[in-house]
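Hi,

Here is the structure I said I would pass on.

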Amino acid sequence: MVIFHESFGILRTNCYLIRNETEVIIVDPGQNATEWVLKHITDKAIGILNTHGHYDHVFSNFALQQHFHVPIIIHEDDAYLLSNDDFNVNLPKSSPDISFTQDSDIYLGGFAFKGIHLPGHSHGTSIYDFGDFILSGDFVMDRTVGRYNLPTSDKEKQYRSLQKYFDIYSNRNNASHIKVYSGHGAPFSLEESLETVQKWLSFF
Ligand SMILES: [Zn+2]
C-alpha cells in the first residue's frame, strides 16, 4: 500500500490517497482538495473515507462523489455534519452511503480495515486501522489531541476515548514501526501517539 498526502485550507488539513495495485481510497478531502485529487488519481477510486464531519475534512466530498460515483463512509454520529453548514463556509452538502454505528471491520474493494469510534472531538470521530498504519484524523495528532471544546465536542467522551485508545493499542506489537497519519501535521509512530494520549489523560 502507498500513502500520498497534501494539506489544504487555512487549517492545513491533510487529505490522503491510499493506494493498492489498482484502487485508491480518498481520505478527508478538505477545501480545495478536488483538483489535487483528480490530478493524482490515475487508478480506480473506490471510496471517500471521512474520519469525522468537520468541514475542513469533508468539504470536497460532494465534488469528488459527483466525479467518481463512489460511496462516502463516516461514523453515523457525524453524518449530520455533512449537510450542516454550522461554520458558515458554504459547505457543499453530501450524505454518507455507508455509516457505521459501532467499531466495525470495513471492506472496500481490495482493502480491509477497522473503523474504531473514538468520540470527543466530535460525536462521530473515528480512526481507521489498516494494520500497518492508522488514520487518526483529529483524534490524536503530533504531540497533541483534537480539541474537545468545540460546539460539536464532548469532554467526557474524549476522556473515555483516550482511555479506549490506550487500552486497545498499549499492547500492540511493533508500535514503534506502525505509522499514524493524522488530520493535521506530520505523521508519527503508534508508540509516540500512546505517549501523547497518556500525557493528555493525566490532564483530565
Ligand atoms: Zn475536526
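Below is what I found, going from the whole chain down to single residues.

First, a caveat: this is a predicted model.

**The chain as a whole**

The protein chain has five helices and 14 strands. Its radius of gyration is 16 Å, close to the 17 Å that the globule rule gives for 204 residues, so the chain is as compact as a globular protein of that length. The C-alpha trace spans about 45 × 40 × 30 Å along its principal axes. Of the 204 residues, 43% count as buried. If you take the contacts with a separation of 6 or more, 55% of them come from residues 24 or more positions apart.

Strand 8 (residues 111–117) runs antiparallel to strand 9, and four bridges join the two. Ile116 stands opposite Ile127 in strand 9. Strand 10 is also antiparallel to strand 9, through two bridges, and Asp129 has Ile134 in strand 10 as its bridge partner. These two strands form a hairpin with three residues between them, and Gly131 in the turn has a positive phi of about 90°.

Which way do the residues of strand 9 point? Ser126 and Tyr128 go one way, Ile127 and Asp129 go the other way, and all are buried.

**The nonpolar core**

The largest nonpolar core has 43 residues. Tyr16, Ile26, Val27, Ile127, Ile134, Leu135 and Val140 are those with the most contacts inside it. I looked at two of these in more detail.

Ile134 is in contact with Ile127, Tyr128, Asp129, Ile178, Val180 and Leu190, once you leave aside its neighbours within four places in sequence. Asp129 is also the bridge partner mentioned above.

Val27 is in strand 3 (residues 23–27). Why does Val27 count as buried? Because 24 other C-beta atoms lie within 10 Å, and the cut-off for buried is 20 or more. Again leaving aside neighbours within four places in sequence, Val27 is in contact with Cys15, Tyr16, Ile18, Leu49 and Leu135. Its C-alpha atom is 6.2 Å from that of Leu17, 10 residues apart along the chain.

Helix 4 (residues 155–169) has 15 residues and reaches 21 Å from its first C-alpha to its last, close to the 21 Å expected at 1.5 Å a residue. Its buried residues are Lys157, Gln158, Ser161, Leu162, Tyr165 and Tyr169. They cover an arc of only 140° around the axis, which puts them on the same side of helix 4. On the other side, Glu156 and Asp167 are exposed. The buried residues of helix 4 pack against strand 11 (140–141), strand 12 (144–145) and helix 5 (190–201).

Leu190, Ser193 and Val197 are its buried residues. Seen down the axis they fall within an arc of 55°, so they line one face of helix 5. The packing partners of these residues are strand 10 (133–137), strand 11, strand 12, helix 4, strand 13 and strand 14.

In helix 3 (residues 61–68), the buried residues are Asn61, Phe62, Leu64 and Gln65. They pack against strand 3, helix 1 (34–40), strand 4 (44–49), helix 2 (55–58) and strand 5 (72–75). Just after helix 3, His69 takes a positive phi of about 55°.

Over to you.

Best wishes

Methods. Residues numbered from 1 in each chain as written. Predicted model: local features only at pLDDT ≥ 70, side-chain atom pairs only at ≥ 80, totals over all residues. Expected span 1.5 Å × (residues − 1). Buried ≥ 20, exposed ≤ 12 C-beta atoms within 10 Å, placed from the backbone. Arc of directions from axis to C-beta. Contact = placed C-beta atoms within 7 Å. Core = buried A, V, L, I, M, F, W, Y, C linked by C-beta atoms within 7 Å. Rg over C-alpha atoms; globule rule 2.2 N^0.38 Å. Pairing = 2+ DSSP bridges.
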